[in-house]
Amino acid sequence: MKRIITFLLASFPALGFSQTFTSNNLVHIPDGSVEVYDSVQVSGLPNTINSSFGLAGMCFDITHTFVADLQLRLKSPNGNSIFIAVGVGGNGDNFTGTCIAENGIDGAIVNGTAPFSGIYIPVESLNQFNNGQNPNGWWYFALQDLGTPDSGDVNFFSLTFSNNPPPDPLPPTPVCNGCVCPGGGGGPCDLLPDMTASALAISQSIDPVTHFSFNETPGQLAFENATPNIGYGPIEIIGVDTCYCGTTMVPCTTVACPGTDTLKQKIHQVIYQKISGTDTLQSYTRTAGLMSYHSSHGHIHIDHWGDYTLRTATSNPDATTWPIVGVDVKQSYCLVNLGDCNNLSGYCVDTSGTVLQLADLPNAGLGFYSGCGTHQGIYSGGVDIYVVGLNSGINLSSVCDGDYYIVSVTDIENNMLESNENNNWVAVPVTLNQQTSAKHTLSVISALTIQATANNLTAATSYTWDFGDSSPLVSNVNPTSHTYAAYGTYFVTLTVVAPCGTFSKTDTLVLTPQGLYEYTSPTEFILAQPNPASEKLNINYHIDSAGKTLVELFDLAGKKVTTISNNPENAGQHSIVFDINKNNIEAGTYILKLTTHNFHQYFCKLSVVK
């Protein structure tokens, strides 16, 4: 590893003092979508890193077939993170002796080829870390395999801190060898971007069999969102030294606005023009609005860039006119190349539905800026991605289960000039099945007395407690206490009547002289619909980790009626259709029991009617 580190240091002629921290852990990168971490502890450095002393570079070695599946991030002790590379390398294998630095002599990593043996400029600037934060503590190298069927290992990674870390690269000379104008002409012309939205990015976040989102939770729906550029030129913006708190102009060094205002910076869109008969480009700028500016990080967020909503369909073919039932929580992006039309095949689609590769875009790769700073962009043929892990998602607090569409619109406010303003949206079907208003927690007050608290009752019209000991039902009291006559095992059921329907949640509690034992989890659950049921029952459940999973049906006396499922399961959402008549289930009240491989138990009270 010394040769690689020496190579990195040699690329910085003005480094002076430097210090390198190395992790030699062997970390396996599994196939699939689980992010894994390697880590290294940094200590003994000054408590502040900036342009005088800061993070200068990083080196790493990864053995992995088809590295275009990989997403690489670096995360600092204070939680800041940047993308190093996403979907790069084409069909190649491995990162062998790879280093990154802002003065990388081998150019941008998005344009490199595997195994990347050299020094490359990362997708986002390392100087985002050199913002005055304390570098001492644990740094994390986060890796995620976004595709199948390959896996690999991280063999090592290192971080180098030095005097005078390399600044971000200067703007390149605007030359475009072989660039053409729309229609194939030689110019002059504006080389405009054409920003779209990717249906595949969203649909890959959804189970293709059940159409249940892997990231649906009560009250929230998260998924991946992507904005491909299929135009003749890049989308590119630059921040102007004009900032506002509300309508008041303030210095762009302002850390925070008073009250609830967000610091905004004026931005310009850069438009490149091909000069007739030459490969030389010239440019002009146009005002493109005020966008959120983080002065402490030195970067702009483009507000309302990827706007996504949950909607119900109408006969109008334009999905942007459909009624909105749920809106997104976060709407601001940096404009970054996190892949392209080749390594994210299927993300780039034209108005006729044809999937585009880079070879289909005459000026593919044209662009000069990309990253999360004050100058950002997405190249022609480039794709920006807002991955599920960063996506706070759509608020479903007043949304019922059912069939909907996720509608994603790029640049919904039309701040940017494009060649086509009518192809910026997609609509992807999704079925919700976890939006029930029946949620509660139980706690011990003393001896045989418990407190029951109902949660998320904002949409409820009424609710009733059944404490499982033949005592009178308690209605519309929250929280409420209940005292049992004797120790034992009880089923506590909360039934909620809401505009979406009637829902029940049942927990088993065990009262002993030593206290209460309650088997609940914030994310694991089992739910039966419809309830009451007469013929077919949809049993939906979620488990947090993979392993043997048992679903059983019991009567109220605690006698097992039947085993519905007893199989190894992956983590996530699962669904079973249970035939009540075929299994000879008589009318009555039953308890569905879910037991996970780590012996967590969850219960759902069910009524069968004939």
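Which residue in S19 is the bridge partner of Tyr293? The partner is Ile300.

## Basis

This is a predicted model, where local features need pLDDT of at least 70, side-chain atom pairs count only at pLDDT 80 or more, and totals for chains, interfaces and linings use all residues. Residues are numbered from 1 along each chain as its sequence is written, and side-chain values use heavy atoms, with hydrogens and water left out.

## Strand S19

Strands are DSSP runs (E, at least two residues), numbered from the N terminus. S19 spans residues 299-303.

S18 (residues 281-294) runs antiparallel to S19, joined by three bridges.

## Four-stranded sheet

An open, antiparallel sheet has the order S21-S20-S26-S27; strands pair if DSSP finds at least two bridges between them. S21 (324-327) and S27 (425-432) stand at the edges with a single partner strand each, so one side of each lacks a neighbour in the sheet. S26 (residues 402-410) and S27 pair over eight bridges. Ser408 stands opposite Val426 in S27.

## His375

His375 lies in strand S23 (residues 375-378). His375 is buried, with a relative accessible area of 18%. Ile238 is 137 residues away in sequence, yet the C-alpha atoms of His375 and Ile238 are 4.3 Å apart.

Terms used
Buried means under 20% relative accessible area, exposed over 50%, partly exposed in between (1.4 Å probe, protein chains only).
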